[in-house]
Amino acid sequence: MTAPALYEIETSEGDDGTMHPAEQLWTSCADGTADHGFIAHQGLFVAGIDGGADDDLYPVGFLVLGHQRWADTIEAAAAYRSRTHGWRNLHLYPGDDPAVLIPRIPRAVHTHGVFLRHPHQGYSCGCEWDETWRMVWAPATEPGAVPITAMRHPAAPTTAAGIPNPDEGAPATWAA
């Protein structure tokens with residue numbers, strides 16, 4: 001097994017050529033999660049994640065803060081889909097043919113991640129990172145790492161969300 005790559009904080013170059021951080025570590029908390037794309041569902045905070053492609057209209061996976069039960073993660077993901085996209089069916093994307101229903105539910109994993117957020121809170125600077133965050137998978141020992149339960153969307157390609165796979169030696173365990 002190889003050690004996972006550590007995250008790098010994005011930087012930008014100032015007018016004088018000095019490099020400045022373009023993001024900072026962000027610690028999610030109950031009172032700020034809604035402002036950052038998370039929804040609360042029965043005490044859980046869930047967000048959809050995209051696969052990084054510009055044409056991703058819907059999430060390819062889901063993050064739930066903390067280590068949660070698999071069944072609760074499924075329910076939170078369905079609630080996220082319903083509230084955010086008006087589509088409760090977790091097995092399909094809106095517009096998919098119901099004749100090709102995917103009856104599988106991917107397994108959820110307990111892992112850790114580091115949230116990186118644009119540092120200009122409270123005012124808009126107009127740069128490409130304004131009002132955004134990104135999450136990087138990280139070992140539990142990484143400074144700023146928080147426990148996460150992650151699950152791929154059933155209709156997304158297996159590798160789309162890049163969720164750590166415990167069967168391949170990733171720093172994760174299968175959720176019960």
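The model is predicted, and local features were taken only at pLDDT of at least 70, side-chain atom pairs only at pLDDT 80 or more, while totals for chains, interfaces and linings use all residues. Residues are numbered from 1 along each chain as its sequence is written, and side-chain values use heavy atoms, with hydrogens and water left out.

The chain averages a pLDDT (the predictor's confidence in each residue, from 0 to 100) of 76, and 66% of the residues score at least 70. Confidence is lowest in strand β3 (residues 24-26), with a mean of 67, and highest in β10, at 92. Where pLDDT is low, the predicted coordinates should not be read in detail.

The chain contains 1 helix and 10 strands; helices (H or I, at least four residues) and strands (E, at least two) are DSSP runs, numbered from the N terminus. Along the sequence, their order is β-β-β-β-β-β-α-β-β-β-β. Of the 176 residues, 40% are buried, where buried means under 20% relative accessible area, exposed over 50%, and partly exposed in between (1.4 Å probe, protein chains only).

Helix α1 (residues 70-85) has 16 residues and reaches 22 Å from its first C-alpha to its last, close to the expected 22 Å. The expected span is 1.5 Å times one less than the number of residues. The buried residues of α1 are T73, A76, A77, A78, A79, Y80 and R81, and their cover includes β4 (39-41), β5 (44-49), β6 (61-65) and β9 (146-152). After the helix comes G86, with a positive phi near 65°.

Strand β7 (109-117) is mostly covered, with 9 of its 9 residues buried. V109, T111, G113, F115 and R117 point one way from the strand, whereas H110, H112, V114 and L116 point the other way. Strands count as paired if DSSP finds at least two bridges between them. β7 pairs in the antiparallel sense with β9 over 5 bridges, and A150 in β9 is the bridge partner of V109. Another 5 bridges join β7 to the antiparallel strand β8 (residues 133-137), in which W137 stands opposite G113. With strand β10 (residues 173-174), β7 forms 2 bridges, also antiparallel; here V109 stands opposite W174.

In soluble globular proteins, nonpolar side chains tend to be buried together. A nonpolar core is a set of buried Ala, Val, Leu, Ile, Met, Phe, Trp, Tyr and Cys residues joined through side-chain atoms within 4.5 Å. The largest such core has 16 residues, and L63, F115, I148 and A150 have the most contacts inside it. Two or more residues come from each of β5, β6, β7 and β9, and β9 gives the most, with 3. Not counting residues up to four places away in sequence, A150 touches F62, L63, R107, A108, V109, W137 and I163. Apart from this core lies another, of 12 residues, among them A76, A79, A108 and M151.

The salt bridge joins R69 and D72, with the closest N and O atoms 3.1 Å apart. R69 counts as exposed because its relative accessibility is 52%, and D72, at 25%, counts as partly exposed.

Notes: Contact = heavy atoms within 4.5 Å. Salt bridge = Lys/Arg side-chain N within 4 Å of Asp/Glu carboxyl O.
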